[in-house]
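The sequence and structure are shown first.

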Amino acid sequence: MKNQEWLARSQTALWHPCTQMKWHERHPQIPISRAEGCWLEDFDGNRYLDGISSWWVNLFGHRHPGIVAALKEQLDILDHVMLAGLTHSTVVELSERLSGLTQGALGHCFYGSDGASATEVALKMSAHYWKNHGHPAKSGFVALAGSYHGETLGSLGVTDIPLFREAYADLIRGCAIIPGPDERAGEEAAQRSLEALARYLEQHHNRTAALIMEPLVQAAAGMVFHAPGFVQQASRLCHEYGVHLIADEIAVGFGRTGTFFAHEQAGIRPDFLCLSKGITGGFLPLSVVMTTHDVFDAFYDDQLDRGFLHSHSYTGNPLACRAALTVLDIFRDEKVLESNQVKQEQWRPLFESLSGLSVVRNLRQRGMIWAFDVVTERSDFSMAFHRAALDEGLLLRPIGRTVYFMPPYVINEDEFRFMIDKVHVLLSGTLPS
């Protein structure tokens, strides 16, 4: 069997991300040979519905023909060129179009390779802004309980998930953590969070550069939802105390919460907007930090050390930027947000049918994110569910005891029903016990 051949070679040569490799002795990886739309296929011909867009990146499914064609065309024009001292039309056009989506309020784009690097850029840019304005002590950060903003050392400093932080605690510069506004705990949770933020900023705004948060959904915390009003009030407090707001929309941007940018639902504009994951439709690594004219102007100077001192070799890669431009074309030409809204309404009864399962709690949905919690004593529930789902032809990866769906936007009703039906099967048996 071809799967076995590739499994053996992968286990020998490849170190997988955020993975205890020894576990794969009991739970082998699935070698994927090809993909199309919402489906993955292994080397033995087995198919799997990708219910999580392969870590939330393949917005329009795998091998979307429009993006494939655009990349083939770009390969004949320009593969890569450094952005230090040079520029190219693709990155300029992408920056203009992204800025236009904020009506020019976030008029400057700085490119990275992935979500964690976007977090690093935003943190450094905020602290350096205050230094350039004569406030070098304003270098601290505030984050929400349960926050996740990446796994580099800088981004771990504003991440509040013990699994990711504790192994590298001695290397990490920490931040202030305030209580989270989890909607499952009622409206009081958001109020407690805002009160804690107000108290902290009142006492420490002179040493605080920015608040960083994922607007509307804390994804890696277990799809923890909060209301747009919380984002609006948090933004107001930041403005009142002279602290930047960094909106981490790496997971929740590009239509995932129902609007193109999640923060739009709160009627605010952050000082920094971090985007990645879906930006290229899952084809190539790319991230961007968008910021204001005020921030940009703070670095515009004759002195090099007042410039923003951050770079990497593949900044603004033309292929990745071309994929991102095509993603924007698809949103515009195919009226994706409107189509998603119709799907959400039509499929609500299918999703709500899961409430009939005795182990299911807290069904919740925002945009193209569906989630619920499972009542179980199994410490290995996440891994056990993941493996059992693969046996049923479904790729899902629970976060702890939270099962979520973040499928590609091209998913159809039959595919969504397939996913729901398989979850019914999985949770009606002995799996949660």
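This is a predicted model: local features need pLDDT of at least 70, side-chain atom pairs count only at pLDDT 80 or more; totals for chains, interfaces and linings use all residues.

Residues are numbered from 1 along each chain as its sequence is written, and side-chain values use heavy atoms, with hydrogens and water left out.

**Helix contacts**

Helices (DSSP runs of H or I, at least four residues) and strands (E, at least two) are numbered from the N terminus. Axes are lines fitted to C-alpha atoms, for helices over the stretch in contact, and angles run from 0 to 180 degrees between N-to-C directions.

| Helix pair | Angle | Axis distance |
|---|---|---|
| H8 (187-204) and H9 (228-241) | roughly 10° | within 10 Å |
| H13 (381-391) and H14 (413-428) | about 130° | 11 Å |

The angle between H8 and H9 makes them roughly parallel, a term for angles under 35 degrees, whereas over 145 counts as roughly antiparallel, 65 to 115 as roughly perpendicular and the rest as oblique. Their contact (heavy atoms within 4.5 Å) involves Ala190, Ser193, Leu194, Leu197, Ala198, Leu201 and Glu202 of H8, facing Phe230, Gln233, Ala234, Leu237, Cys238 and Tyr241 of H9. By class, this contact has 10 nonpolar, 2 polar and 1 charged residues, where Ala, Val, Leu, Ile, Met, Phe, Trp, Tyr, Cys and Pro count as nonpolar, Asp, Glu, Lys and Arg as charged, and the others, Gly among them, as polar.

H13 and H14, by their angle, are therefore oblique to each other. Phe381, Phe385, Ala388 and Ala389 of H13 meet Val423, Leu426 and Leu427 of H14, a contact of 7 nonpolar, no polar and no charged residues.

**Pocket and cavity**

On a 1 Å grid over the protein atoms alone, a cavity is a set of points where a 1.4 Å probe fits but cannot get out, a pocket is an open set with protein on both sides within 12 Å along at least five of seven lines, and lining residues have an atom within 4 Å of a point. Grid points are joined across faces, edges and corners, and a volume is the space filled by probe spheres set on the points.

The second largest pocket has a volume of about 450 Å³, and of its 18 lining residues the closest to its centre are Leu83, Ala84, Leu86, Phe110 and Thr315. Helix H4 (89-100) gives the most to this lining, with 4 residues, and the lining divides into 9 nonpolar, 8 polar and 1 charged.

The largest cavity has a volume of about 40 Å³ and is lined by Trp56, Leu59, Ile250, Ala251, Gly253, Phe254, Arg256, Lys277 and Gly278.
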